[in-house]
Amino acid sequence: MIKTSATIAGVHFKNPIVMASGTFGFGREYGKLYDVSLLGGISGKGLTLHAKAGNPGVRVYETASGMLNSVGLENPGVEAFLAKELPYWETLDTARIVNLGGNTLPDYVLGAELIQRDADARLLTGKKAVDMIELNISCPNVKEGGIAFGVKTPAARDVVRAVRAATSLPLAVKLSPNAEDIAEMAEMCEAEGADAVSLINTISGMKIDVRRRRSVFNNLYAGLSGPAIKPVALRMVHQVARRVTIPVIGMGGITTATDIIEFIMAGATVIQVGTYNFMNLRAGSTLTEELQQFMAEENISSLDEIRGIV
Amino acid sequence: MATVISNERLGDGVYHLVVEGGNGGAMGQFYMLRAWGAYPLLSRPLSIHQVNDNGVDFLYHVVGEGTEILAGLNPGDSLELEGPFGTGFPKVEGKVALVGGGIGIAPLYYCAQELPDSDIYLGFSRESFRTDAFRPLAAELTVDVGGLILDSVDFAAYDHIFVCGPHPMLKAAQLKRIAVETSGKRPNVYLSLENRMACGIGACLVCSVSCKDGQRKACADGPVFLAEEVLFHD
């Protein structure tokens with residue numbers, strides 16, 4: 001029997017494959033293509049307190065081995081999510097993670113309070129609730145908030161502290177590779193009571209349309225994801241995993257079972273799959289099978305055997 | 001997996017791809033196609049040109065790396081098809097005009113088969129293609145090369161008008177509908193939008209369309225929208 005499960009702050013992940021925020025909607029669409037309950041978890045589309053229309057203009061551009069996106073956190077807002085999407089999540093047998101963004105510090109706090117209140121009410125009536133909040137302080141595509149909170153540790157500390165005080169739900173903080181010092185950032189999160197850190201978010205990048213002599217994106221810069229960023233992500237996960245005692249959720253360009261194993265060997269407890277969902281709409285089911293197969297071939301009976309061994 | 005039956009070059013960068021496989025589909029729906037490994041990263045959305053006995057036909061224009069690879073496919077080659085996706089054109093009754101611009105004629109061929117008494121208007125900037133295939137399906141066929149095909153369409157003469165073509169053409173169709181509405185005629189004008197997509201199923205929000213009632217998804221809520229719903233920003 002091969003063991004792929006892991007636990008973070010009491011939340012059970014049946015396997016290390018979690019779908020990354022912004023690439024999986026709230027799971028409904030992929031749920032029509034395969035059974036998403038076979039996943040370890042789902043991190044839903046990044047939410048802000050109020051609904052957001054996202055960015056105008058071009059929102060995606062392919063690059064060598066990667067993809068730039070400038071969606072700009074289009075989302076229905078926390079309340080609409082709780083009312084319309086959570087009933088679907090209740091039907092799933094997988095870890096339910098809400099990714100929470102914000103424009104201002106009070107927005108983050110109010111968002112976290114709404115989620116907490118909803119979880120309390122659900123648990124009282126025996127219903128399934130959100131299992132974890134993933135705090136997004138690192139979206140490069142929104143002008144206010146987003147990455148501004150994720151670059152400098154003191155600014156990030158204010159947000160993490162305030163949200164930690166607002167919720168007792170397990171809290172992961174999603175870190176930006178654009179942070180001045182990502183390991184210091186992770187240590188701060190641990191000190192402020194975060195239960196995990198997830199990394200990396202997209203890397204700020206750019207594409208210029210040379211004929212029109214302008215950036216293809218209205219916001220000039222966009223977030224780079226996909227296999228192109230995997231070496232950077234792996235290095236950062238390795239660095240951070242050595243500096244904190246809380247679990248690390250690793251992500252960045254994972255497209256194969258061996259990619260997953262690399263992140264686990266670098267020290268990740270679970271991993272997230274993002275851009276690969278667009279390359280293979282059945283990524284979750286493909287990777288689940290491949291991981292079992294790879295572990296059997298390599299005589300790995302539990303991911304615990306190899307976690308952080310490099 | 002699907003198999004290429006034929007992949008005929010029709011003209012300057014325009015190809016007609018016939019595949020065996022897929023799950024059929026309705027007018028205006030599309031498939032995500034992939035005939036390569038990891039790169040390019042994204043699959044390519046192509047609208048259904050027609051549903052054949054064993055699979056689906058596509059008509060596409062080579063514009064980048066993905067369609068370049070598609071153009072190199074030979075009979076017997078395999079490719080991945082995901083779909084059909086999207087909300088296409090409605091089944092309607094009454095007098096119908098099908099108006100296509102350039103590669104925008106692609107989804108209208110299937111419409112012409114499903115709505116056989118339609119008037120068909122096909123516009124091309126340089127050279128025409130597939131017009132002979134449309135001719136026997138049309139009550140009346142109008143072809144224009146180098147002009148503006150919408151100028152030939154009397155919006156007041158139809159109950160329903162299906163439009164697919166470049167962005168300026170869709171915007172012009174919307175304006176034309178507004179103009180004809182002032183004279184008391186209210187044809188239902190349906191626009192098929194072409195947007196960049198990443199997933200094709202409604203999860204990534206890359207293909208978001210500004211509509212009167214908020215942001216909608218070209219891939220799932222569309223690609224076909226009623227003209228009056230869409231807000232064109234440029």
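How many residue pairs are in polar contact between chain B and chain A?

1. The count is seven, with both residues of a pair at pLDDT 80 or more. A polar contact here is a pair of N or O atoms within 3.5 Å; within protein, one must be able to donate a hydrogen and the other to accept it, and residues adjacent in sequence count only if both atoms are side-chain atoms.

2. A word on the ground rules: this is a predicted model, where local features need pLDDT of at least 70, side-chain atom pairs count only at pLDDT 80 or more, and totals for chains, interfaces and linings use all residues. Residues are numbered from 1 along each chain as its sequence is written, chains are lettered from A in the order in which they are written, and side-chain values use heavy atoms, leaving out hydrogens and water.

3. Now the interface itself. On chain B, 22 residues are in contact with 25 residues of chain A (heavy atoms within 4.5 Å).

4. The rule finds three salt bridges across this interface (a side-chain nitrogen of Lys or Arg within 4 Å of a carboxyl oxygen of Asp or Glu). One salt bridge joins E29(A) and K217(B), at 3.5 Å from N to O.

5. As for cysteines, there are zero disulfides over all chains (a disulfide being two cysteine sulfur atoms within 2.5 Å). C164(B) is in none, and its nearest cysteine sulfur, on C111(B), is 8.8 Å away. C199(B) is also in no disulfide; there the nearest cysteine sulfur belongs to C204(B), 3.7 Å away.
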